[in-house]
Amino acid sequence: MDATQRNGGTAGIVGAVLLVLFLILTMAMGMDPHTAGDPAQALAMIALKRGLWRLVGIVGTLAAAPGIVFTIGLSHRLKAGAPTRAATILYFVTVGLGGYALSSLLQWKGGLQLADYAVKDQVGAGHAWLALHAAAGGAQVLGSGFVGAALLIAGWAVIETAALNPIVGWVGVIAGLLNLAGVFASASFPVFLGTIVFDVVWLAWAGVELRQPQEA
């Protein structure tokens, strides 16, 4: 059994667990798009739930790491039947997950700093929050675009080569479409929820498949 693929499969399962944890923490935080767009409400919520906000940021940032290791394993599995696509998904995922991680990091650290600053200057902190929110949103869109494209390519390659169960490939295609939808509907909670759910299924199922020997 190829160690790169096996380790990639394990990383996929770990990534799925981290995404589930991220979803639970995000729901518990209650920072919906409407609240995030209102500086006074957003900063008050962060100040009230500092520990939870920190956890959301940490988990969201760390989730990128196993995603990259998983993609290395998947790329290794696909390179025999689809070498160009195998390389492309690795590059695209690296850029995309970097965008997602940057978005989480900006909101985590910047949000805490601005919540503290709001005690001294609420108006100034509010303007700074809007700028931070816009920057984090841009990084999020970068992640959605590149990860979505990578998932579409990966799903297509899996279906065509049967390197994994073809149904897993279709899950990847759907996850890719939902990530791409996030480029145009970044404030939509249904799109966010659907993206997380299908990303979790993709990572977990493909991760299990990667841990199994490839059929000749």
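Trainee: Which residues in H5 do Gly60, Thr61 and Leu62 in H4 meet?
Mentor: The model is predicted. In it, the H4 side of this contact consists of Gly60, Thr61 and Leu62. Their partners in H5 are Ala64, Ala65 and Pro66.

Trainee: Are H4 and H5 roughly parallel or roughly antiparallel?
Mentor: The axes of H4 and H5 lie 4 Å apart, and the helices pack at an angle of about 15°. Angles under 35 degrees count as roughly parallel, and those over 145 as roughly antiparallel. Therefore H4 is, relative to H5, roughly parallel.

Trainee: How many salt bridges does a search of the whole structure find?
Mentor: In general, side chains of opposite charge can pair when their charged atoms come close. For the whole structure, the search gives a count of two.

Trainee: Is Arg85 buried or exposed?
Mentor: The relative accessible area of Arg85 is 15%, and the cut-off for burial is under 20%. Arg85 is therefore buried.

Trainee: How does UniProt label residues 167-185?
Mentor: Over this span the chain is 95% helix and 0% strand. Its end C-alpha atoms are 27 Å apart. The unreviewed UniProt entry lists residues 167-185 under the feature "transmembrane region".

Trainee: Which residues touch the most other members of the largest nonpolar core?
Mentor: That core has 55 residues. Among the elements giving two or more residues to the core are helix H1 (3-29), helix H6 (83-117) and helix H9 (189-210). The residues touching the most other members are Met31, Ile46, Phe70, Leu74, Leu78, Trp129 and Trp202.

Trainee: What does Ile46 touch, not counting residues up to four places away in sequence?
Mentor: Ile46 is one of the core residues that touch the most other members. With residues up to four places away in sequence left out, its contacts are Met29, Met31, Trp53, Gly111, Leu112, Ala115 and Trp129.

Key: Residues are numbered from 1 along each chain as its sequence is written. This is a predicted model: local features need pLDDT of at least 70, side-chain atom pairs count only at pLDDT 80 or more; totals for chains, interfaces and linings use all residues. Side-chain values use heavy atoms; hydrogens and water are left out. UniProt positions are given in the numbering used here, feature names are shortened, and annotations may be inferred rather than shown by experiment. A nonpolar core is a set of buried Ala, Val, Leu, Ile, Met, Phe, Trp, Tyr and Cys residues joined through side-chain atoms within 4.5 Å. Buried means under 20% relative accessible area, exposed over 50%, partly exposed in between (1.4 Å probe, protein chains only). Contact means heavy atoms within 4.5 Å. A salt bridge is a side-chain nitrogen of Lys or Arg within 4 Å of a carboxyl oxygen of Asp or Glu. Axes are lines fitted to C-alpha atoms, for helices over the stretch in contact, and angles run from 0 to 180 degrees between N-to-C directions. Angles under 35 degrees count as roughly parallel, over 145 as roughly antiparallel, 65 to 115 as roughly perpendicular and the rest as oblique.
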